[in-house]
Amino acid sequence: MTPSEAFVETMVANGVTDMFGIMGSAFMDAMDIFAPAGIRLIPVVHEQGAGHMADGYARVSGRHGLVIGQNGPGISNCVTAIAAAYWAHSPVVIVTPEAGTMGMGLGGFQECNQLPMFQEFTKYQGHVTHPARMAEYTGRCFDRAMAEMGPTQLNIPRDYFYGEIEAEIPQPSRLDRGPGGAKSLDEAAELLATARFPVIISGGGVVMADAVEECQALAERLGAPVVNSYLHNDSFPASHPLWCGPLGYQGSKAAMKLLAQADVVVALGSRLGPFGTLPQHGLDYWPTNAKVIQIDADHKMLGLVKKIAVGICGDAKASAIALSERLAGRDLACDTTKAERHDTIQSEKAAWERELDEWTHERDPFSLDAIDEAKRETPFSGGEYLHPRQVLRELEKAMPEDVMVSTDIGNINSVANSYLRFEKPRSFFAAMSFGNCGYAFPTIIGAKVAAPHRPAISYAGDGAWGMSLMETMTCVRHNIPVTAVVFHNRQWGAEKKNQVDFYNRRFVAGELDNQSFAEIGRAMGAEGITVDRLEDVGPALKRAVDLQMNEGKTCIVEILCTRELGDPFRRDALKKPVRLLEKYQDYV
Ligand SMILES: Cc1ncc(C[n+]2csc(CCOP(=O)(O)OP(=O)(O)O)c2C)c(N)n1
Ligand SMILES: [Mg+2]
C-alpha cells in the first residue's frame, strides 16, 4: 500500500468517522481517500475552532477527536486549542503534516519545526521517521491519547505520504484499567471505616471512567455528601439527595461548607487542581486537618497539589467498586450519624438555594453604579438591560433534558457555575485550566457532531463570542445546528473586574461597543434572537432549542446584560499597585 493508505487505514481501524480541519496540499494525497474510507473531514473557519471541535467531540463521546491542517500556519493556529484539550484531559489526536524532508532547514514555504510548539501540551509526539512506519506511528498516537487521556501529535513530513510500503495496520490497543493496589485500597477502606464525616469529591475522572453509578453507591453506603470538583458539574446527578454542587470559583456554598466539616475526603478521579480549590465566597473551606484519599488514573497527580493520606493509582470506576466491596458488611463509624448528616446536607443545600434565589443582582458599589447607569440607558433593541444572575437562573429553568452545555471564560460564564446542574455525565464542557476565551462555541459544535440527538448549548460573553463567532458559518454550511447564548454586556467584564478591585476603576481597553450579535448571526445564515426582557429569557432559549432539534437551525440568543460584575477570577494573583516613579504617582 501507499503511506497515505496506511495512514487512512489505521484511522479506519480506530473507528474514525469525523475529523475537523482545513484542507491543505500537505495532506491532499491522503485526504483524497477519506470519503471512500468513511471519514468525513468537516472544514471549519479557523483551525483553532477545529481543535476545539475535536476536543468537544472527544469529551462527549469518550473517544478520540481528530484535527488536521496545513503545515506551518494551519498547524500553529491549533496551538491554543491543543493546550485547552490537554487541560480538559481530552484524547485529541492532532495530525500535523510538515515540510518535506528534502527541503527542511532551507527556509522554504510554510516550513517550521512543529514538534516544539506542542511539546508541553501533548502526552506523546509521534514523528514519522520513515514512510514505512506510517501505520505504526498513527496507531500509537491513538493508543497513547486514549491511554493517557490527552492530546497526541502525529507529525508527518509531507513527502512521506507518497511511495509504496509494506505495512501491517495495527489494531487499537486499549488499556484494561484496574482499581489500584490492594494495599492502598485497604488503607483507604480502614480510614473510611473510622470517618465521622466523610465527603466525596467527584472529579472529571468519574465522568471519563463512566463511574457515576459507582460513586453514587459509595456515597450512599457512607451517607456522604458528594461535591463536584471545579467545572465537573456533570460528575454527579444534581437531583440526587447527596449531591451538593461544585467546589471552587462561583461554586456552591453548600458544597464548600460541607467539605469544610470533613474528617476524611475521598477525591475520586480528581487531580485536586490548585485553581479549583481556592477560597470562595469568603470561605476558606479546604479541610486542612482531614485525611485525604486521592484516586487518580495518573500517579503523577497523587499528592501533587494537596497533602494526602492515601494515594490510589486507579480507575475511578474500578476503585469505587473496590472500596465499596471493602466496606460491605462492615460497621462504619459514620453509620450512627447517617440521619443527622442527611439533615445537615439538606439544610445546607436549601440555604444555598434560598440565597441564590434572593441573589438577584450583584451588590458591590461598582455593580450598583452599573445597575443605576443601565436604568438610565435604553438598549438598541428598546427593552432593558438584565441582571446576569437572574438571566442565568431563567436559563437554568429552561434547560432541555439531556442537554450538553459548554461555557467560556468570562465573568458571567463563571457566575453560571452556580446555575449549571446536570443529571448525566458528559454533559458539561467548560473551558478548563488553560482558560482561553473563545473555547465554548467551537467545543459545542464538536460535541454536537458526536451526539447529534442531544441539545447543544454554548455560553459565551460578548468578548469571547467575538473570538469564535465565525464558526457559526461552519454550523450553517455543514448542518450542525447548535444554540449559542451570548451575554452581551458591552465589556471584557472579567478583566474589568480587576480594574474595579485593584486599579480604582481606571478602565483600560475593557469596553466593547458591539453591533447586535443576533443580526451578525443572521448575516451568517443562522437565526438570531435579541433578549431584553427577563420574561423572554426562558422562552428564547426554548425557541432556539426547538429550532436546533426540530428545524436543524443554529440560533444565536443574544441577551442584553447590565455591566454589573460578580466576584473576580484571580483575586489570589493580583496586588494593589505600587508606583515608584514620580510621573505615575496618581496610578495607585
Ligand atoms: C484568549 C484569551 N485572551 C484573554 C483572556 C483574558 N480574559 C479572561 S476573561 C476576559 C474577559 C471576557 O469578556 P467576555 O467574554 O465579554 O465576558 P464577561 O467577562 O464580560 O462576562 C479576558 C479578556 C483569556 N482568558 N483568553
Ligand atoms: Mg462581556
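Modeller: Let's start with a word we'll need: two residues are in contact when heavy atoms of theirs are within 4.5 Å. This is a predicted model, where local features need pLDDT of at least 70 and side-chain atom pairs pLDDT 80 or more, while totals for chains, interfaces and linings use all residues. Residues are numbered from 1 along each chain as written, chains are lettered from A and ligands numbered from 1 in the order written, and side-chain values use heavy atoms, without hydrogens or water.

Our part is helix H19, residues 493-502. Helices (H or I, at least four residues) and strands (E, at least two) are DSSP runs, numbered from the N terminus. Eight of the ten residues of H19 are buried, so the rest of the structure largely encloses this helix. Buried means under 20% relative accessible area, with exposed over 50% and partly exposed in between (1.4 Å probe, protein chains only). Among the buried ones are Gly493, Ala494, Lys496 and Lys497, and Phe502 is another. What covers them? Helix H13 (365-376) and helix H15 (411-415) are part of the cover. After H19 comes Asn504, with a positive phi near 55 degrees.

Now look at the loop between strand S16 (483-488) and H19, where Gln491 sits. Asp462 (OD), Asn489 (OD1) and Gln491 (O) coordinate the magnesium ion (ligand 2) at 2.0 to 2.2 Å. Donors here are N, O and S atoms within 2.8 Å of the metal (3.2 Å for Na, K and Ca); water is not among the atoms, so sites may look incomplete. Asp462 belongs to helix H17 (residues 462-468) and is 29 residues from Gln491, so the pair links distant parts of the chain. Asp462 and Gln491 are both buried.

H17 gives the largest share, four residues. Of the 18 residues around ligand 1, those that come nearest are Asn411, Asp462, Gly463, Gly493 and Ala494. (A residue counts as near if one of its heavy atoms lies within 4 Å.) A backbone N or O atom of Asn411 is 2.7 Å from an oxygen atom of ligand 1, and for Ala464 a backbone N or O atom lies 2.8 Å from an oxygen atom of the ligand.

Note on methods
Polar contact = N/O pair within 3.5 Å; in protein donor to acceptor, adjacent residues only side chain to side chain.
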